[in-house]
Amino acid sequence: VNTDGLRTITLNVELTHKVAFGEAVFICGSNESLGSWVPESALRLDWRDGAWRAVFQVQVTDAEPTFVFVYMVGPYEGLKQNQTKWEPGPNRVLNFQNVKEDATLRIVHRWGFRTLVLRVPDFLDDHEMLLVIGEHEELGNNTTPQEMKYLSKKSSKAVGQTTDYWWTKLEIDVEDSRIRYRYLIYDKKREVTIDDARCKHRYTLDIDIDQFKKHFKSEFCSFFYNELGECIKLDAVSYTHLT
């Protein structure tokens, strides 16, 4: 077994979800501390301060920097095969490739929600910025275009990227079947928003969440590219370092 880069990650996990009286939330996954995919050995979370919480450790290496897990609900005294409810959507995947030493991290989740990331290679002039608008609160509810963040080549080298890009992220309910959105360009010189042909996406686009869920059943690869070079990622988990 290749143990190069072995490090221990301490995770403070917080999940918001309502359960029935006598039930609890559990976390089960590929790590031994999470039951090694045996529900009866899953870790039960504790209800404190309005959320389900747990602290546990996982070990990762350079060769295997990820681990996979899922939330479940069942009887408080322990999961039973015929009394277990799995969280909808794909398994959750944590990738610690960029965490190179022992660390303590905080992760906050909502039951049934995943983080969706939209990323577009930069094709704009220096005086322009990319906006996005769509049928989602974090996309302006089809009323107010939202500014996307810009990552330059200088910054992107640190995370293994070779192209400048614009990006944004939002929390989506995996029970939703589609999200519709489009891109706009803001001209900072003229202080106007334009619907430019360079976006190619002159009309409304769809993200088919059902296709994502089918894809996740067999692969950990969580993104695809369209004709604009746009990268769409599902469940791009972010975490906060704790001191």
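Reader: Is Arg114 buried or exposed?

Author: Arg114 is buried, at 1% relative accessible area. Buried means under 20% relative accessible area, exposed over 50%, and partly exposed in between, with a 1.4 Å probe and protein chains only. This is a predicted model: local features need pLDDT of at least 70, side-chain atom pairs count only at pLDDT 80 or more, and totals for chains, interfaces and linings use all residues. Residues are numbered from 1 along each chain as its sequence is written, and side-chain values use heavy atoms, with hydrogens and water left out.

Reader: Which side chain does Arg114 meet in a salt bridge?

Author: Glu87, at 3.2 Å from N to O. A salt bridge here is a side-chain nitrogen of Lys or Arg within 4 Å of a carboxyl oxygen of Asp or Glu. Glu87 is buried too, at 3%.

Reader: Where do Arg114 and Glu87 sit?

Author: Arg114 is in strand S10 (residues 113-121), and Glu87 is in the loop between strands S7 (85-86) and S8 (92-95), so the pair ties together parts 27 residues apart in sequence. Helices (H or I, at least four residues) and strands (E, at least two) are DSSP runs, numbered from the N terminus.

Reader: How many salt bridges does the structure hold?

Author: Eight. One of them joins Arg7 and Asp62, with the closest N and O atoms 2.7 Å apart. Arg7 lies in strand S1, and Asp62 in the loop between strands S5 (51-60) and S6 (66-75), 55 residues away.

Reader: And how accessible are Arg7 and Asp62?

Author: Arg7 is buried at 1%. Asp62 is partly exposed at 43%.

Reader: What about Glu77 and Lys80?

Author: Their side chains form a salt bridge at 3.9 Å, N to O. Glu77 is exposed at 59%, while Lys80 is partly exposed at 39%.

Reader: Switching to strands. How does S1 run relative to S9, parallel or antiparallel?

Author: Parallel, with eight bridges joining S1 (residues 7-16) to S9. Strands pair if DSSP finds at least two bridges between them. Thr10 stands opposite Thr104 in S9.

Reader: Last one. Where is Glu191?

Author: In the loop between strands S15 (178-187) and S16 (192-194). Glu191 is exposed, at 60%. Glu191 and His127 are 64 residues apart in sequence and 9.9 Å apart in space, C-alpha to C-alpha.
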